Amino acid sequence: MSKKRIGIYPGTFDPITFGHIDIIKRSLQIVDELIIGVADNFNKTSMFTISERKEMVKNDINLNFKNISKIRIVNIKGLLINFAHKNKVNCIIRGLRAVSDFEYEFQMTGMNYQLKPLIETIFLMSLEKNSFISSNFVKEVFSLGGNVSKFVSKNTIKNLKNK
C-alpha cells in the first residue's frame, strides 16, 4: 500500500482570490489530502483577522468544490515546516505568479529543506489569467472603487465591503 500524499498550501489569504482557488484545484490532482493553512504572518499586516480569513476560505471552498472531503482548512501559527512535520505533510505547495516570486520562494525552500529534508516543496505556476492577481492588489483596487469581481468571489466582495 502506498503512503498517503498529504500536501499543504499555506498563505495569508487576505483575502482569498481566484488565483488561490486555481492552485487549490490543481493541487488536488497531486495529493490525496490538502491542508489549506491560513497563516498568521507577523511580517504582514492583514485586513482580516485569521478567523475571518479562514471563514472566507471555507466559503469559497464550499462554492468551488463538490467533494471537500480531501480538504482541511486550518490556522497556522509558528514555523510552517514544524506544522508540516507534525501533520505528516509530504509536500508544501506554493503558487508562483511571476519571476519576482521565485527568489523569495527559492530561499524559503532551501531553508525548509535544511530544517526538514523529507518535506518537498512543489511550485505550481499561475495560469496566465491569474498571474497578476494578488490579495494586495485586490484590496487596493477595491479601496479605490474598482471592480474586483473578476478576481474574487461575491462572498469575498461582501467581506471587503463590510471592512
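Helix axes are here lines fitted to C-alpha atoms over the stretch in contact, and the angle between two of them runs from 0 to 180 degrees between N-to-C directions. The views below are taken from a predicted model.

**View 1. Packing of helix H2 against helix H6.** In this predicted model, H2 and H6 pack with their axes 9 Å apart and at an angle of about 155 degrees. Because angles over 145 degrees count as roughly antiparallel, H2 is described as roughly antiparallel to H6. On the H2 side the contact is made by Met-56, Asn-59 and Asp-60, and on the H6 side by Asn-155, Thr-156 and Asn-159. By class, the residues of this contact divide into 4 polar, 1 nonpolar and 1 charged.

**View 2. Buried residues of helix H6.** Within H6, which spans residues 154-162, the residues Asn-155, Thr-156, Ile-157 and Leu-160 are buried. These buried residues pack against two helices, H2 (50-64) and H5 (135-143).

**View 3. The largest cavity and its lining.** A search of the whole structure for cavities of 30 Å³ or more finds 1, and the volume of the largest cavity is about 40 Å³. Its lining consists of Leu-80, Ile-92, Arg-94, Glu-105, Met-108, Thr-109, Asn-112 and Thr-121. Two or more lining residues come from each of strand E4 (91-96) and helix H4 (99-115), with H4 giving the most, namely 4 residues.

Terms used
Residues are numbered from 1 along each chain as its sequence is written. This is a predicted model: local features need pLDDT of at least 70, side-chain atom pairs count only at pLDDT 80 or more; totals for chains, interfaces and linings use all residues. Side-chain values use heavy atoms; hydrogens and water are left out. On a 1 Å grid over the protein atoms alone, a cavity is a set of points where a 1.4 Å probe fits but cannot get out, and a pocket is an open set with protein on both sides within 12 Å along at least five of seven lines; lining residues have an atom within 4 Å of a point. Grid points are joined across faces, edges and corners, and a volume is the space filled by probe spheres set on the points. Buried means under 20% relative accessible area, exposed over 50%, partly exposed in between (1.4 Å probe, protein chains only). Contact means heavy atoms within 4.5 Å. Angles under 35 degrees count as roughly parallel, over 145 as roughly antiparallel, 65 to 115 as roughly perpendicular and the rest as oblique. Ala, Val, Leu, Ile, Met, Phe, Trp, Tyr, Cys and Pro count as nonpolar, Asp, Glu, Lys and Arg as charged, and the others, Gly among them, as polar.
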